[in-house]
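Subject: Structure for you to look at

Hello,

Here is the structure I promised to pass on. Please open it first, then read my notes below.

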Amino acid sequence: MTLPMFPTGPAAPRAVTLVRLAGEIARSLAPVGRISVEGEVYKPRRVGTRIYFTLRDRVAQIAVSGPASRCRAVDGERVGVVGTLTWISERGQLQLMAEAATPVGAGAVAAMVAEARRRLGRDGLLDRPRRPLPRLPRAIGVICGSDAAVRKDIESVVAARFPGYPLRIVECLLSGPAASLAITDALVGLGGEADVDVIVLARGGGDAAQLMPFSDEELCRAICRSPVPVVSAIGHEGDRPLCDEVADVRCATPLAAAAAVVPDRQALTAELAGWRAAAQLAFERRQDAAGRRLAAVDTGQAVRQGADRAHARAEQAGARLRLLHPRGRLAESRARLGGLEWRRRVHERVARADGRLAADRRQLDALSPQRVLERGYAVVRAADGTVVRRSPQVASGDVVEIQLAEGGLAARVERVHGS
């Protein structure tokens, strides 16, 4: 009996290319997904618009790359990074591609906010003119978290002031390293809706680290770029994130913000009623005043005055007609003619005309055919009366007429010479 052969050593290795190996590593990272991790920044360096650093703790480290505008990386500072793992085949390196990196700790947060405030102030965004809130917005945009309390507060204000008023509520992440990006995207999305005329940023209270996304520099710049006014209602009275300093209106609480943007239906109705009553009263007063003025009018005197004005206008019109009458115009023309030295001017014009006539006569005499004939020339015409200018026009034996200065001759052609 032969026993089956079983391998006793390690399994045979699977032969793969480097490209295949890199691909398998990259695919193995996909299940890890989007992660948030904290660590210490080590050797940060900026290249163009991106920043590179090592995120490390006591026993591990990983290379990080992210946009410089959303990643604060100060050597030795502890940060929270949100991103995804990527395998870079060219360098054979595993890298954490960061969406955002924000500092962790009160001191680091204060330093980040101070730096962002200086940059915003340098660009004039802290002192920019604030836009007024619309009195009757077509729709109100609200950015809040999934916390039911803030949304319930705002909806309760709407129910009390103007039931059914249109709201556009966007719930998004409000804390954590990626929250600032989510809030910015929500703000840009609401600002792009045609009927949203005002946007409210609403969040309940929290510590400095929890409210840090609302001090993000990119979010503050997005608030300034918003096409509609933005109301900041973050935390409680003592909470002052950086977005409060660039918003068009700052309210202490979401309740106060809702009261500021939602119109009071009863107040609007009362105001409209007051305007209607004031307009009616003004109309009645003007009507009474007009009636009194009409009653005080003396119709007889008014007719006489009108007749006098009409008579005066008729007299003026008659004077103009007399001036335009042929006799009147003839007399006026004679008067103007009498004031002119017309005889001297007529003599001058006659003398100039006589000189021009004599010059024309001399020119005509010089060009006259008769003068040419008188100088010994003659005009020869064929039998049909045409002037003979070239010898081929006639042939031997033809009779021609010769015109002289005085009289003429008839002759017969004996010979024709070439031209």
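**The hairpin of β12 and β13**

V399 has R412 in β13 as its bridge partner. That bridge belongs to the pairing of strand β12 (residues 399-403) with β13, which is antiparallel and runs over five bridges. Four residues sit between the two strands of this hairpin, and G407 takes a positive phi near 85 degrees. Strand β13 (residues 408-412) is hardly covered: of its five residues, the number buried is zero.

Please keep in mind that this is a predicted model.

**The chain overall**

The protein chain has 12 helices and 13 strands. Its length is 419 residues, and 28% of them count as buried. Take the contacts in the chain with a separation of 6 or more: 61% of them are between residues 24 or more positions apart.

**The barrel**

Five strands form a closed barrel in the order β1-β2-β3-β5-β4, and the pairing is mixed. From one strand to the next, the twist averages 50 degrees. Helix α1 (residues 18-29) packs on this sheet. It touches β4 (78-88) and β5 (93-103), and its direction makes about 140 degrees with that of β4.

Strand β1 (residues 34-47) pairs with strand β2 (residues 50-56). The sense is antiparallel, over six bridges. Within that pairing, R46 has I51 of β2 as its bridge partner.

- G39 is in strand β1. Is G39 buried or exposed? It is buried, as its relative accessible area is 0%. Leaving out residues up to four places away in sequence, G39 touches L55, R56, E77, R78 and V79. G39 and V79 are 40 residues apart in sequence, yet the C-alpha to C-alpha distance is 5.8 Å.
- K43 also lies in strand β1. Its phi is near 55 degrees, a positive value in a residue other than glycine. K43 has a relative accessible area of 55%, so it counts as exposed; the cut-off for that is over 50%.
- Q95 is in strand β5. Its relative accessibility is 5%, so Q95 counts as buried. Neighbours within four places in sequence aside, Q95 is in contact with Y52, A63, V64, S65, T84, L85, T86 and I88.

**The open sheet**

There is also an open sheet of five strands. The order is β7-β6-β8-β9-β10, with parallel pairing. Which strands are at the edges? They are β7 (167-171) and β10 (249-250), each of which pairs on one side only.

Strand β6 (residues 139-144) and strand β8 (residues 196-203) run parallel and are joined by five bridges. V142 stands opposite V200 in β8.

Helix α7 lies across β6, β8 and β9 (230-234). It runs at about 170 degrees to β8.

In α7 (residues 254-261), the buried residues are P254, A257, A258 and V261. Why do the buried residues of α7 line one face of the helix? Seen down the axis, they fall within an arc of 100 degrees, so they line one face. The general rule is that an α-helix has 3.6 residues a turn, so residues three or four places apart point the same way.

**A pair of helices**

Helix α4 (residues 179-191) packs with helix α5 (residues 217-225). The angle is about 10 degrees, and the axes are 9 Å apart. That angle makes α4 roughly parallel to α5; the cut-off is under 35 degrees.

Which residues meet here? From α4 come I183, T184 and L187. From α5 come E218, L219, A222 and I223. By type, the residues of this contact divide into five nonpolar, one polar and one charged.

**Where to start**

I would begin with G39 and V79, at 5.8 Å C-alpha to C-alpha. Then turn to α7, whose buried residues line one face of the helix. Finish at the hairpin of β12 and β13, with the positive phi of G407.

Best wishes

Methods
Residues are numbered from 1 along each chain as its sequence is written. This is a predicted model: local features need pLDDT of at least 70, side-chain atom pairs count only at pLDDT 80 or more; totals for chains, interfaces and linings use all residues. Side-chain values use heavy atoms; hydrogens and water are left out. Two strands pair if DSSP finds at least two bridges between them. Axes are lines fitted to C-alpha atoms, for helices over the stretch in contact, and angles run from 0 to 180 degrees between N-to-C directions. Contact means heavy atoms within 4.5 Å. Angles under 35 degrees count as roughly parallel, over 145 as roughly antiparallel, 65 to 115 as roughly perpendicular and the rest as oblique. Ala, Val, Leu, Ile, Met, Phe, Trp, Tyr, Cys and Pro count as nonpolar, Asp, Glu, Lys and Arg as charged, and the others, Gly among them, as polar. Buried means under 20% relative accessible area, exposed over 50%, partly exposed in between (1.4 Å probe, protein chains only). The arc is that of the directions from the helix axis to the C-beta atoms.
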